[in-house]
Amino acid sequence: MEESGIYEADENLLQRFIEGDNNALSVIYNRYVDMLYAYGTSFKVSKEIVEDNIQDLFCYLHFHRKQLSSITNLKYYLLRAIRNKLLNYYNSKSFFHSSIEKEMPDFVLKITVEDTLIEYEEQQLLKEKIKQLLACLSSNQKEALYLHYIEEMEYKEVASLLNCTEENARKLVSRAIEKIKKNEGIVKITLLLFFHATEKGITYL
Amino acid sequence: MSYLHYTYRDFIGDPDFIQWVLHPSSDKDNYWKQIIKEHPELESEIKKAREIIMRIRIEKPILPAEKRKEIESRIFENIAYKQKRQHILSIFQKVAACAVIVLSIAIYFTWQPNRGKIDYQLLTEVPDELLNGGNVQLILNDSNKMELENKSHIKYHSDKIIISHGEKAEQENESSSLEANVREKQENKLNKLIVPRGKSSFVELIDGTKVWINSGSVLIYPSEFEKDKREIYVNGEIYLEVVHDENKPFIVKTSGCDVKVLGTSFNITAYQDDNLQSIVLAEGKVAVTLNEDSRSFHLMPNEKLDIADNQVTKHLVEVAPYISWKDGYFIFKQETVQNILKRISRYYNVEIEYKEDIPSFTCSGKLNLNLQIDKVIETIQSTAPINIKQSGNTLSIYSK
C-alpha cells in the first residue's frame with residue numbers, strides 16, 4: 001500500500017506523526033483503513049456510518065496527537081477507537097433511556113465463496129449451511145473469533161475490546177470452536193474460516 | 001481407510017483431510033499422494049475439495065479505491081477547516097464589526113449581476129448593531145418599523161397583524177395604516193423580523209405555519225404567500241411547524257441551501273457568519289437543495305444534515321436537544337464546551353474570549369434559559385474543566 005515500498009514499523013510511523021508529520025497520518029490511514037472498514041461494517045450499522053466514524057477518528061488523531069504517545073500497539077488502538085466511536089454513535093440514539101448499559105449492535109460474520117469448481121447452486125447451499133452454523137454463535141463469540149483469528153489480537157486485547165476478563169475471552173473463543181466442531185460433515189470446514197488467517201504457508205496440491 | 005466412492009463433499013467433511021489442508025506436513029503429503037496413486041479417479045475430487053476449502057473466506061469488505069481517496073481527502077479538508085475555525089474564533093471578537101461590513105460589501109458586488117429574483121441574502125444582511133442589542137424589530141416596509149419586546153408573539157390574520165407580549169394581555173394592532181400595509185403590492189409584501197442576540201420571537205404566518213426564531217436571526221417572509229408556493233428566508237436559527245398544503249410547497253431559503261417541505265416540523269441552523277449549517281427534522285419529510293451545486297438530499301425524521309463548505313454529512317440524532325431552545329432551555333448531548341459557549345453567547349448576547357487553550361471536553365445536560373447568566377456560568381463551571389470570569393459583556397474563559 002505504501003508508495004515507497006519500504007514498510008515502516010508502526011512505532012516509527014506513530015512517532016513521526018506525534019512529532020508533527022502529517023504525511024505519517026496519511027500512511028497510517030492507508031495502512032489501516034481497510035481493517036477499520038471491515039471491522040466496523042461487521043457490526044449491524046450502515047457503511048456510511050462506518051465511513052463517517054472513520055473520518056472522525058482520523059480527525060481526532062490529528063488534533064490529539066500529543067496524547068497518542070502512550071500507544072504501544074497502534075493496530076489495537078485503532079480497533080478500539082473505532083469500536084468506541086460506533087458504540088457511542090449507536091447509543092446516542094437512545095440518549096433519553098441512558099440508564100441501560102451501552103450495547104454494541106450485533107456482530108455478523110459474513111462469508112464469501114469465491115468462484116470454485118463447484119456449481120453455483122451448490123456454492124450457495126454450502127454458504128447457507130455455514131451461515132446457519134455461524135448464526136448459532138453469540139454476537140460476542142463471533143466478534144472474539146474475528147478479533148483473535150482474523151485480526152490476530154492477543155486474548156488480553158480481545159478481552160479489553162469486549163470489556164471482559166482475559167479468561168472470559170478465551171472461553172468465548174474455545175466454546176465457539178467447540179460448537180462448530182460438534183457439527184458433522186461439510187459444515188466443519190467453517191473452522192477453516194478462522195484458521196486460514198493464522199495458518200500461513202499452506203501449499204496447494 | 002477406504003476412500004472408495006468418496007466425492008469432494010465427503011472430503012470436505014473428513015477430519016483427516018481437513019487436518020492435512022490445515023496443517024500440511026511431509027508425512028501427510030505423502031499419505032495423500034499415496035491415496036491418489038492407488039485411486040487416480042479420486043484426484044479430481046481431492047483437488048476440488050481443496051480448492052473449495054481454500055476459497056471460502058470470512059468476508060472482509062474492502063473500500064473501493066475512490067471511496068478510500070474520498071474519505072482521506074475529507075479527513076484532511078475537515079482538519080484544515082477545523083484549524084481555520086479555531087484560528088478565526090480566537091480573533092473573531094476583535095474584527096467582528098469590521099468583517100461584517102466587508103462581507104456585506106463583497107456580497108453586494110458579487111450578487112449584483114443576478115438580480116431579477118428577490119435577493120433574499122442581501123435583504124437579510126442587517127447592520128451588526130441591530131443584531132447585537134436593542135429590541136426585536138418588525139419591519140413591514142421602509143416606512144413602517146416597529147420595536148417589539150422580547151418573546152413577543154406575532155400572528156398574521158387575513159386583515160391584520162396581532163402582536164402580543166408574553167404574559168401581557170393580547171394587544172391588537174389594528175391601526176388603519178397597518179392594515180393597509182398588509183395588503184401592499186409585491187415589493188412591499190415582504191416583512192422582515194430582526195431578532196437580536198439575547199432575544200427570541202415567534203411568528204404565526206398567514207397560512208398558520210408556526211415559526212420560532214432564535215437569537216441573532218433575521219427572518220423574511222411575505223404577509224401573503226404567492227399562489228403556488230410559500231417562501232421564506234432565514235439567516236439564523238428557526239424551528240418550524242409547517243401547515244400541510246400539497247398545492248403550495250413550503251420553501252425555506254438560506255445562504256447555503258433551500259429546504260423544501262410539504263408539511264412538517266424541523267429546525268434550521270443557518271447563520272451566514274457560520275460555515276456550518278444544519279437541518280434537523282422532527283416530523284415529516286424535507287428535501288434540501290444546496291445553492292452551490294444543486295445537489296439534493298432527503299431527510300427523514302430524527303435525521304440531521306450538516307452542510308459545511310459544501311461538504312454534506314447526515315447523522316441520526318435525538319431531536320430534542322436541537323429544538324429545546326424554543327421552549328426556553330438548551331439540552332446538550334456530548335457537546336463540546338466551545339459549542340455550548342457559542343450558543344450561550346448568542347442567546348445571552350455576551351462575547352466569549354478564550355484566554356487559554358481549554359482541554360477538549362464534552363458536556364451533557366439541560367440548561368434553563370430563563371435563568372440569569374451568572375447562574376448559567378455557575379452551572380457550566382461546576383461541570384466543565386473551565387473557569388469563567390464575567391466582566392461587563394465579556395466572558396473570559398480559562399482552563400481549570
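Modeller: Let us begin with two helices: helix H6 (residues 139–150) of chain A and helix H7 (residues 155–162) of chain A pack at an angle of about 140°, with their axes 10 Å apart. Axes are lines fitted to C-alpha atoms, for helices over the stretch in contact, and angles run from 0 to 180 degrees between N-to-C directions. Angles under 35 degrees count as roughly parallel, over 145 as roughly antiparallel, 65 to 115 as roughly perpendicular and the rest as oblique, and therefore H6(A) is oblique to H7(A).

Biologist: Before we go further, on what conventions does this rest?

Modeller: This is a predicted model, in which local features need pLDDT of at least 70 and side-chain atom pairs count only at pLDDT 80 or more, while totals for chains, interfaces and linings use all residues. Residues are numbered from 1 along each chain as its sequence is written, chains are lettered from A and ligands numbered from 1 in the order in which they are written, and side-chain values use heavy atoms, with hydrogens and water left out. Helices (H or I, at least four residues) and strands (E, at least two) are DSSP runs, numbered from the N terminus.

Biologist: Which residues in H6(A) and H7(A) meet?

Modeller: Contact means heavy atoms within 4.5 Å. On the H6(A) side these are Asn140(A), Glu143(A), Ala144(A), Leu147(A) and His148(A), and they meet Tyr155(A), Val158(A), Leu161(A) and Leu162(A) in H7(A). By class, this contact has six nonpolar, two polar and one charged residues, where Ala, Val, Leu, Ile, Met, Phe, Trp, Tyr, Cys and Pro count as nonpolar, Asp, Glu, Lys and Arg as charged, and the others, Gly among them, as polar.

Biologist: How many helices and strands are there in chain A?

Modeller: Chain A has nine helices and one strand, which run α-α-α-α-β-α-α-α-α-α from the N terminus on. Of its 205 residues, 52% count as buried, and buried means under 20% relative accessible area, exposed over 50%, partly exposed in between (1.4 Å probe, protein chains only).

Biologist: Is Asn22(A) buried or partly exposed?

Modeller: Asn22(A), which lies in helix H2 (residues 22–41) of chain A, is partly exposed because its relative accessible area is 35%. Leaving aside neighbours within four places in sequence, Asn22(A) is in contact with His62(A), Arg65(A) and Phe76(B). Asn22(A) and His62(A) are 40 residues apart in sequence and 8.2 Å apart in space, C-alpha to C-alpha.

Biologist: How many residues of strand S7 of chain B are buried?

Modeller: In strand S7 (residues 190–195) of chain B, six of its six residues are buried. Leu190(B), Lys192(B) and Ile194(B) point one way, and Asn191(B), Leu193(B) and Val195(B) the other way. Two strands pair if DSSP finds at least two bridges between them; S7(B) pairs with strand S10 (residues 217–222) of chain B in the antiparallel sense over six bridges, and Val195(B) stands opposite Ser217(B).

Biologist: In what order do the three strands of the open sheet in chain B come?

Modeller: The order is S21-S24-S23, with mixed pairing. Strand S21 (351–354) and strand S23 (386–391) are the edge strands, each pairing on one side only, and the twist averages 25° from one strand to the next. Helix H11 (residues 337–348) of chain B lies across S21, S23 and S24 of chain B, running at about 150° to S21(B).
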